[in-house]
Structures are given as structure tokens and as C-alpha cells.
Amino acid sequence: MLAALWAIPALAQRTDIVVGLVLEPPHLDPTAGAAAAIDEVGYANIFEGLTRFGPDGAILPALARSWDISEDGLTYTFHLHEGVSFHDGTPFTANDVAFSFTRAMAEDSVNAQKGLFEPIASVEAADDLTAVVTLDYPYGNLPFNLAWGDAVIVSSQTAQTNTTSPVGTGPFRFVRWTQGDSIVIERNPDYWGEPARLERATFRFIDDPSAAFAAMMAEDVDTFPIYPAPETLAILDADPRFVAVIGSTEGETILAMNNRRAPLDNILVRQAITHAIDRQALIEGAMFGYGTPIGTHFAPHHPAYVDLTGLSAYDPDRSRALLEEAGVGPITLALALPPPPTYARRGGELIAAQLRAVGIDTRIVNMEWSQWLEQVFSGKDFDLTVISHTEPMDIEIYGREDYYFGYGAPQFQAIMEELNLSVDPDRRTELLQAAQRDIAENYVNAYLFQLAKTAIQHVDIEGLWANAPTQATDLTAVYWR
Amino acid sequence: MSTLRVQDLSLSIRAVQILENVSFEVGPGEILGIVGESGSGKSMTALSILNLLPRHSQLSGSVTLGGLELSGLSDRAMNAVRGDDIGMIFQEPMTALNPLKTIGSQVAETAWVHGHAGGREASRIAREALDRVGLEAEEFPLIRYPHELSGGQRQRVGIAMAIALRPRLLIADEPTTALDVTNQAQVLGILKRLVREDGMGLILITHDLAVIAEMADRVAVMQSGRVVESGPVREVFRQMRHPYTRKLFSTSAHVPQRTPRAFERTLLDVQRLERRYAIPKRLPWEPQRYKLALDGVSLNIAKGESVGLVGESGSGKSTLARTVLGLETAQGGAVHLEGLPIRGPHGTAFGTRRETQMVFQDPYGSFNPRHPVGRLVAEPLHLLRNGAPKGADRKALVSLALERVGLAATDADRFIHEFSGGQRQRIAIARALIVEPTLIVLDEAVSALDVSIRAQVLDLLAALSERLGVSYLFISHDLHVVRAVTDRVYVLRQGKIVESGPTAKVFTHPEHDYTRTLIAAAPRLDAALKSRFGDA
Amino acid sequence: MAVFVLKRLASLLASLLFASLAIFLVLEVLPGDPAAFMLGLNAAPDTVAALREQLGLTAPLPQRYFGWLAGMTVGDFGISYTYRVPVSDLIGARVQVSVPLAAYALTLSTLIAIPVGAIAASARNTPLDAGIMGMTQLGVALPNFWFAMLLVLVFSVGLRWFSAGGFPGWDDPFAAMRALTLPAVALALPQAAILARVMRSSLLDTLDQEYMRTARAKGLSQGQALRRHALRNALIPVLTIMGLQFSFLLAGAIIIENVFFLPGLGRLVFQAISARDLVVVRSVVMLLVFAVVTVNFLVDFTYALVDPRLRRPVS
Amino acid sequence: MRVGANLIAGIGLSVFFLALAGVSLVWTPYDVTLLVVGDRLQPPSQAHWLGTDHFGRDILSMIMVGARTSIAVALIAVGVGVIFGVPLGLFAAAMRGSLADEIVMRGNDLVFAFPALVIAILITAIFGPGAVNAIIAIGIFNIPVFARVARGAALSVWTREFIMAARLSGKGSAHISFEHILPNIANTLIVQATIQFSLGILAEAGLAYVGLGAQPPQPSWGRMLAEAQTMIALAPHVAIIPGLTIVLMVLGLNLFGDGLRDYLDPRLRERRP
């Protein structure tokens with residue numbers, strides 16, 4: 001303490017960081033909840049899986065050094081790193097892999113992404129360092145699935161208590177959680193790989209956008225990986241102390257429409273709605289310019305992306321004409337808006353005004369998440385809603401008939417089926433593009449924009465992810481200049 | 001040399017003249033009475049001497065205390081005078097003491113604040129002062145709180161505070177007005193004794209000539225901020241040079257003209273009335289205890305008769321009135337009016353109810369200020385239910401009632417705050433008369449009125465009784481009034497009738513000790529003058 | 001005195017019992033399923049059902065109510081649905097912020113209000129009085145979150161004297177008090193304005209009492225009379241308002257806690273309502289009700305200490 | 001009777017904002033449903049006297065239309081309190097000392113014991129956010145306020161002698177309560193109503209701040225303030241103007257209430273002739 005006080009600031013390199021997060025995780029077990037905040041704290045820092053997402057979204061090996069795929073595509077053999085141990089000192093073995101996956105697949109599992117394990121028939125430990133995963137059917141995307149936070153490896157000893165005191169294999173270990181305020185993690189001195197350069201990191205939870213601004217300005221927080229108030233990002237960026245880093249996320253922001261319900265079951269009405277929306281005004285008005293227009297449910301930075309915005313260009317006259325053609329008479333629609341203040345609430349208000357301009361009477365209904373989940377998502381009781389789908393590569397949801405917007409057309413399902421089975425990269429790209437076209441041409445939803453990753457950070461911080469291929473705050477490579 | 005000399009004292013508050021050239025003197029051991037009706041400036045004179053006036057007061061003239069000129073003294077210098085050289089007693093004993101402090105500390109404070117004593121010595125002085133006003137140590141230790149004392153006892157604590165440092169001058173502003181007669185006699189006795197013992201001057205401010213006659217050596221009569229006449233009591237009261245003095249004198253001894261009549265038919269018959277109140281239980285499982293407010297009271301009133309009911313506060317007078325009027329239900333006994341039963345709020349027929357009405361004490365509180373007089377007067381017509389006159393008939397009835405009490409029919413459209421206290425009591429009588437009742441209960445109906453107004457109201461009541469044949473139940477603590485206007489009287493004490501009989505007989509030959517005490521305690525103008533000066 | 005205390009205690013218990021029933025029933029009709037909330041967009045229905053079972057949401061109503069009541073009497077408030085830790089731990093941590101914050105704010109507001117109110121009262125109907133009253137009117141009219149925003153803008157973002165929010169914990173008491181200073185000021189000023197007004201009018205009422213004139217007639221100076229006789233009497237209504245304010249500050253700091261991102265009880269209950277963490281909501285609301293009722297009880301008790309008429313009633 | 005400076009200032013401010021709300025029914029400088037993102041966050045100018053907000057809407061027009069919502073919410077909430085609270089208070093006073101009185105007053109205390117904002121949030125959580133539910137949430141807490149004030153004032157009227165005169169005229173408790181008690185406690189109630197009105201404006205702002213007040217596209221002062229708070233560094237006027245509007249309106253109502261009390265209370269009138 002005394003030494004720290006006397007240290008000369010110019011020479012001292014900071015080894016701690018305060019990271020601002022908007023939402024506090026309800027608990028810290030990534031295998032037992034959907035909240036993005038769980039991964040924002042723990043992913044790659046505390047917990048690791050067999051594979052992981054890299055900063056650019058590429059699938060990299062993690063606890064598995066490498067893996068082999070059998071000829072028939074039904075058996076994956078993962079070769080694990082040696083000398084890995086959990087934070088509590090228990091060594092990591094293939095048994096832990098078997099335990100983790102079996103637990104996630106079990107009948108009474110509370111894993112939020114149980115679907116990721118759907119192709120798996122069984123998991124076995126061949127020896128301490130070899131885990132064998134057997135599939136029910138050939139599935140090319142398994143390494144991708146296992147890179148998710150929901151597929152991290154946990155120890156059987158601590159699986160029950162990971163919610164409050166998480167124990168993983170990562171470069172940081174959990175220190176303290178002051179509920180409602182912050183979580184502190186520190187460097188794991190016994191890490192198996194390249195050790196982290198930071199000694200300590202604090203995640204501080206600030207959900208109020210103006211409080212976030214104040215916290216940055218007062219230097220209470222060193223970085224907001226996802227800064228919640230784009231309107232003040234420019235001000236912070238102009239401040240010599242800070243720099244804004246704009247990257248991409250996996251968040252396709254859409255105006256979802258209830259395809260089951262009249263008049264939205266009419267493709268002409270849906271198309272009319274898409275033409276009524278001025279994406280530029282929306283991105284400017286709601287996001288203060290941060291965001292990339294999309295014409296389909298696919299991330300623009302993905303190599304397979306096709307720009308289909310032309311199909312739903314802003315054209316209010318066309319929109320009115322289509323409504324006329326649909327012959328549905330005057331329309332009144334309810335627009336359900338979840339809590340995010342920027343894209344949903346501000347964006348929703350703009351969309352409602354734009355729809356009203358073409359004669360669609362739009363009534364805004366603001367909802368809390370719990371209510372949105374129950375009424376819109378599970379109950380499918382809605383007309384329109386604005387939502388950002390942040391899971392990576394989630395176009396497959398259009399194949400589910402019982403999904404909330406209710407598409408699941410047979411031709412689309414066929415594309416997905418083939419995609420799941422194929423391992424040839426070119427064929428996969430073709431199929432993905434066909435899928436994008438299908439949902440755009442059928443105007444399932446109005447595709448608005450890809451959320452930008454609006455990070456603000458102290459100029460001296462290096463090594464934070466610029467993009468967000470998954471929801472994570474990977475601090476492994478972060479250091480102060 | 002006089003203790004206090006007031007010369008040409010004038011006071012105005014916000015340009016309103018309150019006092020004008022007031023002059024008087026008080027010598028050591030002398031009692032100066034200041035008498036006058038409300039608004040005459042009596043109290044303001046007292047406050048001017050102590051310089052405890054409201055903001056924006058303009059005071060001129062001279063006040064000297066034993067040669068020290070008080071006017072123009074700084075507040076700090078006056079603080080040294082107040083309490084030490086001049087003590088003061090106020091009218092209302094219930095509010096003049098700080099409820100949060102013990103009587104001991106409040107009396108001791110007088111000594112403490114003037115630096116004469118601290119701690120134990122101040123307590124000793126307090127004890128002595130309380131002893132001197134008759135609050136003995138066994139029953140009234142210093143640690144008593146004001147709320148544990150009765151009104152008379154509290155007033156004695158007030159006196160103790162004022163005389164603790166044996167001031168040269170004591171000012172008593174209506175010290176006994178809020179007290180019952182027996183307490184009044186006690187307090188006056190104490191004051192007289194203290195003046196004698198300490199040789200201090202006393203200024204006794206009162207509206208009651210009888211008190212002056214009994215107590216004062218000299219008197220100053222005040223009217224509208226001026227001293228209209230002053231001098232030795234005997235001289236002033238005998239000569240009465242100023243017409244206002246004469247008027248005060250005649251009205252306070254006023255007896256309305258009444259022709260003696262014989263009464264036959266019984267109107268109201270009260271038999272062994274019993275009324276008890278549940279005492280709130282301290283714990284839910286405690287047995288219920290009761291306080292007996294009326295303990296077997298029997299009483300009757302004949303048609304056209306005026307009956308007095310006297311008693312001190314807490315004797316049950318008002319409870320009896322409310323029960324007779326059917327506002328409360330008795331637990332035992334019976335009330336009959338012309339043979340018809342009166343049994344509380346729900347057991348009394350509307351037809352019976354209209355036969356009894358009431359006039360209240362407070363001329364300000366007994367009218368809803370939001371309604372015009374016409375509506376106020378007409379309110380009892382509700383008792384006639386569907387038979388109540390409407391429209392023009394109703395208006396005529398109101399006009400008649402108002403005219404009967406000497407007001408104009410046009411007064412019906414005015415509001416109550418536009419009337420004086422005496423006029424309001426007339427309106428109250430008009431309200432009682434409108435349903436032509438056979439019995440009117442008058443609960444301290446003239447107590448709050450100045451003597452001259454009181455005389456007029458009493459005359460009106462007497463005249464109405466003769467003209468309309470209405471009976472009165474006249475409840476009062478003021479024995480003079482009862483004596484002046486009633487045919488028969490009942491004496492009530494702790495819920496029991498201790499004596500009754502024709503008024504003249506009871507007053508001249510009281511049989512019960514309590515009655516005797518009451519009568520002896522009440523100051524009487526003529527008797528006092530006679531006993532002190534040998535003539536009247 | 002003992003009887004007075006016993007009676008008040010009995011009515012306190014009855015109030016709490018009523019309140020608990022009301023809270024429990026109200027929360028039962030709250031739409032939204034905590035299990036669905038926790039599992040998010042991709043969860044399968046059977047996963048949600050499994051979680052419901054695990055959270056004990058399937059037991060019959062009376063059983064859950066009495067279970068909750070019985071638990072509370074031994075300090076067991078259940079396990080938070082979302083945080084998965086005992087609610088008592090959560091509350092314990094939050095109370096360490098909320099109670100000091102409320103106490104800090106109340107202290108500030110009292111320290112400001114009592115002298116200011118007394119000055120205004122003794123200078124009644126002067127320009128000073130009018131000035132003070134004008135300021136208090138302004139204080140009462142301030143939306144406290146707006147005021148808090150301005151405070152942050154000036155003192156954190158501009159002058160950087162205080163951090164913009166957050167709470168470092170009590171390991172370093174000085175830092176903790178510093179972190180609570182701006183929020184306490186934001187909470188205290190509007191309350192101080194109210195309290196100063198109450199103080200002034202209560203003191204004016206007292207100054208008009210006849211015993212004040214008696215005191216002056218005894219020779220006490222204006223100041224002595226004020227201190228020795230007026231203050232204690234005037235403080236009785238002030239005490240009532242202070243009791244109400246403490247309760248208000250404890251629960252009503254939600255918005256201020258949001259502005260300063262403080263981990264207090266208010267934000268806990270606010271977030272718990274959004275997350276349908278009913279176990280937390282009902283226990284915190286119950287706790288707040290308990291605090292209010294207890295504070296009222298203590299205020300009544302203090303009355304009795306101050307006022308002998310309550311302590312030694314004459315029947 | 002002297003009309004105090006407080007009363008004049010209070011009436012002035014309150015009437016000004018009420019007039020703004022009234023005018024907005026027929027005319028506003030700009031259409032507030034028109035969102036022109038290109039014009040956003042402009043400082044006050046000749047075209048936009050108070051500037052524009054983050055959607056390019058004219059702030060003056062928003063303040064005018066928002067006045068309607070804020071005033072309506074607060075006023076109706078006061079109405080809820082009066083309609084339910086006053087009869088309850090009158091009933092309790094008429095039954096003073098009885099079990100019914102005890103139950104009413106204990107019930108009042110119980111409602112007071114609940115943290116108001118938390119309950120308001122719960123109510124909106126149950127019924128969904130919106131102006132109507134904000135009214136309910138604020139109104140519920142007005143009920144015990146009016147019940148308590150009405151009871152307290154009524155009790156002192158019940159001891160007046162003219163009540164006994166009315167009873168002697170054969171009138172029952174209900175009759176007396178409405179004919180005699182109510183007019184005599186009206187002053188107190190009106191003063192309390194102005195206070196609750198101003199508190200209602202603040203409460204609406206507070207609820208709007210946590211997103212539970214009026215819903216878009218309906219403007220309200222609280223919502224303007226809530227949405228502008230993040231813009232305060234970017235365009236301070238957007239946050240400062242609605243804030244000041246609330247302060248002035250509340251100030252006006254409080255001054256009005258205070259002035260009214262001084263004007264109506266004969267005791268104070270005598271104190272300062």
C-alpha cells in the first residue's frame with residue numbers, strides 16, 4: 001500500500017482495470033442462464049470451453065489442443081491440454097468434459113442453450129486427456145457450438161456453487177461479488193497458458209446511460225465495452241483521455257412481425273411495413289449513427305453476407321400502394337418494446353412515427369424483459385416488436401415453426417437441414433446465402449441494422465476486443481500502455 | 001412614593017389606537033383594580049408596563065417603577081425587571097404553563113434566570129413559593145407536571161412563578177375568570193395575603209366589579225383605551241361621576257323585570273337519571289370501569305317556569321343538559337316531556353324533540369360560519385320533517401323569529417361573522433324559538449358576554465318567557481345570573497343534586513354545606529361594598 | 001409507560017401481519033414467470049418447468065405463505081431466484097448502503113433544517129424570513145433526480161471532487177462516506193426544505209403559546225425563552241416528519257440509487273421487480289414496511305419521553 | 001382580506017402552465033408527432049424558441065402538450081384521493097372512537113407504511129406502464145392523505161357547538177357530515193389538494209424517470225426529462241428546460257397553496273392583519 005502511494009505515476013504501469021457493464025449478471029454460472037452479462041464477466045476470463053471464439057469470431061482451440069473427426073462425421077475426438085487445473089486446484093481431465101456435457105444434456109438440465117448439444121449422443125473420457133463425443137447424425141458445426149459460453153467446462157465438485165463463486169480453468173479467478181455494484185477477479189497464477197497481463201479487474205454495473213457517461217468522465221470506469229449512450233460517445237471520443245472503438249456485433253436488430261396473425265400474415269402488408277422504414281433516420285435518430293443497415297437476418301461482417309437492403313428500401317409511396325393492394329383497410333398494430341433504451345425504446349418511437357406516416361396506426365407498448373419474454377416471446381401475443389438477436393449465426397431460428405414470429409417455411413427448413421449436414425465451406429456459403437434471400441424475399445421481418453459495438457476506453461488500454469463475435473469481455477490480452 | 005407610576009401611556013398597533021393617555025399609580029401594598037369590558041385595553045395596559053407588546057407597536061408615555069424609568073429601556077434591561085421587580089399572572093391557567101416541564105423547574109426558573117440562585121437554591125425558592133400559594137410539598141412535589149394539576153392549582157403555580165422573587169409589583173390579568181367560584185375565592189385570598197405579606201403593589205385586571213369591590217383599594221375604569229374614571233374604590237363606586245361607570249354598575253347588578261307567577265303543570269320530569277361513561281381500558285383484559293357523570297338525578301320543570309342549575313365544572317351540568325335534550329342516552333332513570341319519553345338520539349320522536357331547544361355558551365362557535373343567518377335560524381325546522389314550511393312561509397317564520405329577538409328580517413341574508421357577540425346570542429335564541437319549543441336549555445348562555453350585553457339578553461329572555469310561556473333550564477356557574485332570572489334552582493355536585501328549592505330561599509338560607517360554600521365564595525358587589533365600607 | 005409500549009407493540013405486530021398478507025397476495029397476481037426470465041430466448045419449455053420445480057414455485061399458496069412467514073421469524077427470507085443466494089445475504093449487503101445513506105441524508109437535512117427553520121421563525125415576516133421561505137419553496141419543488149443529475153454534472157464531471165457513483169464498501173470508511181456524499185446531498189436538500197418549513201411553522205405555533213408569554217414575563221430573554229421553552233415543544237411535530245422522512249429516504253432512494261448506481265435496497269427491489277425475483281421483492285418490501293412501522297413506533301416512544309402527558313396520563 | 005404576494009405569484013405560475021396546456025389543445029408551434037431527426041438537438045433559436053429535442057421535435061410544443069399529461073395525471077390522482085379519501089375521513093370522524101374509526105385509521109397507517117414508489121412500480125409492473133396506471137399508483141397514496149386530513153379537520157369541527165345545534169335539529173351523522181362538516185373543512189382540503197397536486201407532478205416525473213409514466217408518443221414533462229438526461233452533456237437545454245418547467249409548476253402550486261392557506265386561515269389573517 002505504502003509502495004503504491006509512493007510510486008511515481010508516470011512510470012507505474014497500471015495492472016488493474018475497471019470495466020463498466022450495463023447489466024449485472026443474475027448469477028455467474030454460464031451453463032445455467034441466458035443472461036449475456038454472465039458471459040460478459042466470465043467467458044474466457046474465468047471459464048473456458050474445449051473451443052472458443054477469437055476476437056474476429058474464428059473458432060479457436062481452447063482446452064482442446066486439437067480434434068479429429070471420424071470419416072462418417074459421427075465421432076469427434078478432442079485432445080486436451082496437459083497440466084490444466086481448476087481454480088480450486090483440482091486437475092482438469094476428460095472426465096470433466098464428460099460431466100459438463102452430460103449435465104447440460106440431461107433431462108433436468110437448466111442450460112439455456114440446450115439445443116447446442118442436440119446432435120450429441122454421448123460423451124466419454126477415453127483417457128485423462130482424450131474426450132470422445134459421439135453424434136446422432138453428422139453435424140459439421142460442433143466446434144462452433146462448443147465455443148459458446150453455455151458449453152464451458154465445469155468441475156463436478158463445484159458445479160452446484162458456480163452461480164455464486166464460479167470456479168473454472170481460465171486466466172482469472174473470481175474474488176468477490178458485491179451484488180448490485182461490482183465483481184472483482186484477479187490473475188490466476190497457475191494458469192496453464194499464457195498468463196494474463198492484468199493483475200486485477202473490476203466489473204462495475206451501471207445501467208443508467210447518464211450515469212455511465214458520468215462514470216467515464218469522472219474516470220470511475222476505464223472502459224465500457226458496450227457503451228449504452230451512443231449520443232455522448234462523440235463527446236467522450238473527443239476527450240483526449242478516451243477513445244471510442246466502433247466494431248461489429250452479432251446483434252441483428254429487427255422489427256419482428258407476428259407472421260401468424262392477420263393482417264401480418266399477408267406478405268404485402270409485411271412488405272409495406274419494410275418500405276415504410278427509413279433505416280438511415282433510424283440509425284441516426286436512435287443510435288446516433290452507430291450501426292450498419294441490414295436487409296436480412298445476417299451479420300454484415302460475415303463472409304457469407306449478402307446485401308439485400310434494396311429489397312426493402314425506404315419508399316413510403318410504395319408502402320402505401322402495397323397496403324392499398326393488400327386491401328386490408330385501416331390497420332392498427334401494437335408495437336411491443338423491450339427495455340433497451342436506444343435501439344428498442346428510441347428506435348421503436350421512430351418506427352412507430354414512420355409507420356404512422358404511411359397510415360398504419362401504431363400503438364407503443366413498453367415492456368419489461370420478463371413481460372416481453374412471457375407475452376411476446378413465449379405467448380406469441382404481439383403484432384410487432386423491436387429486438388436485437390445477439391446470438392452468433394442464428395438464422396436457423398427462421399426454421400422453427402413455433403418460434404415467436406412464426407416462419408418455418410418448408411423450403412427454408414430444407415436449406416437448414418442441408419446446411420447442418422454439409423461440411424464443404426463453399427456449399428455452406430451458398431446455402432447460407434440462399435437462406436438469407438429466402439427470409440428477405442418473404443419479408444418475414446423488417447431487418448433494420450446490425451448493432452455496432454460502441455466501446456469507449458481509456459487511450460492507454462490495449463488488447464480489448466474491437467468486435468463482439470460473442471458476448472464476452474475477454475481480458476486475457478489486455479494491458480496498459 | 002408610589003411603586004409604579006404610569007403617565008400618559010399611549011399605544012398604537014399598525015396605526016390603530018389601542019391606548020390613549022392612560023395614567024395611574026400603584027403604591028406599595030396597594031391593590032389597584034382595572035375594570036372594563038372586552039376591548040377596553042385592560043390587558044394591553046398590563047403588557048405595556050412589561051413591554052411585552054406585539055410587533056409594530058408604538059408606545060409613548062412614561063412608566064416608572066420605584067423611580068426607574070422603564071419606557072425606553074432596552075429589552076435586555078427589561079428582562080432584568082420582568083420577573084424580578086414585576087411579576088405577572090395570566091388568565092388562562094391551562095395554557096400558561098409549559099406542558100413539558102415540571103412545575104418545580106418552571107418556578108425555579110424565575111430565580112435561576114435572574115441569577116439569584118442556581119440549582120439547589122433555586123429549588124428551595126421554588127418550594128417556598130409553592131408553599132406560599134398553598135401547594136404543599138407532600139401533595140405537590142416539584143416534579144409534578146402541569147397536566148397533573150387542576151385549573152385552580154395551575155393558576156396557583158402561575159402565582160408562585162410570579163412571586164418567587166418577591167417582586168415590588170404584581171400584575172394579575174383576569175386571574176380568576178377561567179376558574180370556578182370556590183377556586184376563585186381561594187386565588188383571590190392568596191393574592192390578598194401575598195400583597196399584605198410582601199408589601200407589593202398589585203394591579204388586578206378584571207371585568208367583574210364584584211371582584212374589584214372585594215379586593216381593590218383603588219380602581220381605574222377603562223373604556224376604549226382610556227381611563228374614564230379612577231380613584232379610591234369607595235369614592236368611585238359611590239359617586240360614579242362618569243356615565244360609563246354608572247352603566248357598568250347598573251348592568252352588572254341588573255335583574256330583569258319578571259312578574260311572579262304560579263306554576264302548575266309539570267313540563268319536564270327527570271327521574272333518577274343515571275349516566276356513566278366507560279373509562280378507556282389500559283389493557284384489553286382489564287375489567288371495564290365507569291365514571292358516573294349523573295348519579296340518580298331527579299328534576300322537574302313546570303310549564304313557563306325558569307329553573308336554574310348551578311354547579312362547578314365537572315359536576316355533570318352539561319351531561320344533564322345533553323341527556324334531557326335527547327342527545328345522549330342515559331343508563332338509568334327516565335326523562336319525560338309532557339309525558340312523552342326522551343331516550344337518547346334514537347329513542348326520541350321528532351315531535352318530542354321539537355319541544356326542546358338549546359342556546360349555547362359560545363356565540364362564535366355555535367353557528368356554521370358558511371351559512372347565512374336565515375338558514376341557520378331555520379335549521380331546527382328539519383324536525384318538522386315533511387310538515388316543515390317551504391318557500392315564503394319558511395321565510396316569514398325566520399323573519400318572525402328574528403324580529404322576536406329584536407333583529408331585522410333583512411338580517412337573514414347576512415353571515416354570522418357580521419354580527420357582534422350579543423347579536424349572535426339573539427340569533428341563537430331566534431334559532432331555538434323557530435320551532436316554538438316549550439323548553440329551552442340555556443347552557444352558560446350569557447357567560448361569555450360583557451355585562452351590558454348580558455343585561456340586554458337577560459331582559460330579552462325574561463320578556464320571551466312571559467310572552468310565549470316558554471320554560472327555561474338555565475345552566476350556569478354564575479350564581480348572580482341564576483339568582484336574577486330563575487324561579488327555582490338545583491345545585492349539582494359530582495353528579496348528584498345536593499339541594500333544590502325556590503331560588504330566593506336557597507340563596508338566602510342555603511341548607512347544604514356545599515351550597516353555602518358556593519354562595520360564600522361568589523363575590524357580590526353589594527355585599528362586598530357593605531362589608532368593607534359599611535354602605536352600598 | 002409499559003402499558004403504552006405493550007399496546008403499541010401489539011398494534012405493530014398486527015400491522016406487520018396484515019402487510020405481509022397484502023404483499024404476498026399482490027405479488028401472486030404479478031404477471032411474469034421468474035423461471036422463463038432466467039432462461040431467456042432459446043430455452044425449451046421442459047427446461048423452464050424443471051427450473052420452476054427447482055425454485056419451489058409449484059407448492060400450494062398457503063404453504064408458501066406460511067413457509068415464508070415462518071422463515072422470516074428466524075431471519076430466513078429464502079433463496080433469490082435470480083442471484084441464487086440467500087435473500088438475507090443480499091439484503092444484508094444492501095442495508096449497509098441504504099441505512100447509512102438514509103441516516104446521512106437525514107442528518108444533513110436535520111442539521112440544515114432545524115437552524116434554518118428556527119432563524120426564519122425568529123425573523124418572521126422580515127425579508128430574511130421571506131428569503132429563506134423562498135429557498136425552501138424552491139427546494140421542495142426540485143425533482144431530486146434532476147437535482148442529482150446537476151450535482152453529478154458539476155461536482156463529478158466538472159470539478160471531479162466526488163466520484164460519479166458506485167460504492168466502494170466499508171473497508172475504507174472515508175471513501176465510503178465520500179461516495180455517499182453527493183447522493184445524500186441530493187436526497188437531503190428537498191427533505192431539508194420540507195423540514196425547515198415544518199420547523200418554522202411549528203416554532204411559530206409554539207411562539208404564540210401563552211407559556212411563551214409567561215416565560216418572557218418571568219424575565220427570560222427572547223433567546224432564552226426560545227431555547228428553554230419553545231424548542232422542545234416545537235420539536236414534537238418535527239420529530240413526526242423526521243420519522244416519515246427516514247422511512248421515505250430508506251425506500252424512496254430508488255431513483256437516486258439509480259443516478260449514482262449505488263447498490264442499495266431501492267435498486268435491489270427495482271431490479272428484482274423487473275426480473276420477477278418475487279422472493280426478493282416481497283422480503284425487501286416487508287423489510288421496508290417493518291422499518292417504517294418500527295420507526296413510527298420509536299417516534300411514538302420518543303414522544304412519550306418528551307411529553308409527560310403521554311408518559312403519565314391522568315385518567 | 002389581503003391577497004399575499006405568494007398567492008399572486010402562485011396563481012400566476014399555475015395559470016400560466018394551465019393556459020399553456022389549454023392552448024396546446026388547439027395550437028402548438030409545431031406538430032409534436034413529427035419526428036425530424038435531421039433537426040435534432042438544436043439550441044433555442046427564432047424558429048424554435050426553446051430548441052429541439054433528440055428527435056428534432058420543438059421543445060416548446062412538447063412542453064405545451066406535455067403539460068396536459070403531467071397536469072392531468074396529477075390532477076386526476078388528486079381527484080382519486082379526494083373522492084375516496086374524504087368520505088372515508090368524514091366517516092371515521094363521524095364514528096370517532098368506534099371500532100370502524102379505528103379500522104379506517106389503522107388501514108391508513110398501513111398504506112402509509114408501504115414504500116410509495118416501490119408500490120407504484122409494482123402496480124405498473126402488474127398493469128403495465130402508462131398514464132392511467134401512474135394515476136392509480138399516485139392516487140392510491142393520496143387516499144390516506146385525504147382521509148387523514150379530512151378526519152383531523154372534521155374532528156375539530158365535530159366539537160363545535162353548531163354541530164350540536166344540528167343534532168338538536170334531528171340531523172344524522174351523514175347529513176351533518178355533508179351539510180356542516182364538509183364546507184367547514186373545505187379550506188383545509190383545498191390547500192391539501194394543491195400540495196398533493198404539486199407532489200403528483202413530481203411523482204409523475206419520478207415514475208417517468210424509471211420509465212413507468214406516460215408512454216410514447218404521449219409527451220409528458222417527466223418523460224421529456226427522463227429521455228433528455230443522457231443528452232445533458234450534448235445539449236444541456238434539452239434536460240434543463242423540462243426540469244425547470246417542473247420546478248416552476250411545482251413552485252407555483254406550492255406558492256398557491258401557501259398563499260391560499262394564509263388567505264383562508266382566519267388565525268393567520270389575524271396574525272398578520
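This is a predicted model: local features need pLDDT of at least 70, side-chain atom pairs count only at pLDDT 80 or more; totals for chains, interfaces and linings use all residues.
Residues are numbered from 1 along each chain as its sequence is written, chains are lettered from A in the order in which they are written, and side-chain values use heavy atoms, with hydrogens and water left out.

**Chain D and chain C**

Contact here means heavy atoms within 4.5 Å. By this criterion, 33 residues of chain D touch 44 residues of chain C. The two chains share 1 salt bridge, a term for a side-chain nitrogen of Lys or Arg within 4 Å of a carboxyl oxygen of Asp or Glu. C:R197 forms a salt bridge with D:D258.

Helices are DSSP runs (H or I, at least four residues), numbered from the N terminus. On the side of chain D that touches chain C, two or more residues come from each of several helices, including helix 3 (99-113) and helix 9 (236-264) of chain D. Helix 9 of chain D gives the most, with 11 residues. This side of chain D divides into 25 nonpolar, 4 polar and 4 charged residues; Ala, Val, Leu, Ile, Met, Phe, Trp, Tyr, Cys and Pro count as nonpolar, Asp, Glu, Lys and Arg as charged, and the others, Gly among them, as polar.

**Chain C and chain A**

Between these chains, 40 residues of chain C are in contact with 43 residues of chain A. There are 2 salt bridges, and C:R267 forms a salt bridge with A:D207. Residue pairs in polar contact, both at pLDDT 80 or more, number 4. Among the helices of chain C that each supply at least two residues to the side touching chain A are helix 3 (45-55) and helix 12 (265-274). Helix 3 of chain C contributes the most, with 5 residues. By class, this side of chain C has 20 nonpolar, 13 polar and 7 charged residues.

**Buried areas and salt-bridge distances**

Buried area is the accessible area (1.4 Å probe) that two parts lose on being put together, summed over both.

| Item | Value |
|---|---|
| Area buried between chain D and chain C | about 3,300 Å², carbon and sulfur atoms giving 78% |
| Area buried between chain C and chain A | about 3,400 Å², carbon and sulfur atoms giving 55% |
| C:R197 and D:D258, closest N and O atoms | 2.2 Å |
| C:R267 and A:D207, closest N and O atoms | 3.5 Å |

Terms used. A polar contact is a pair of N or O atoms within 3.5 Å; within protein, one must be able to donate a hydrogen and the other to accept it, and residues adjacent in sequence count only if both atoms are side-chain atoms.
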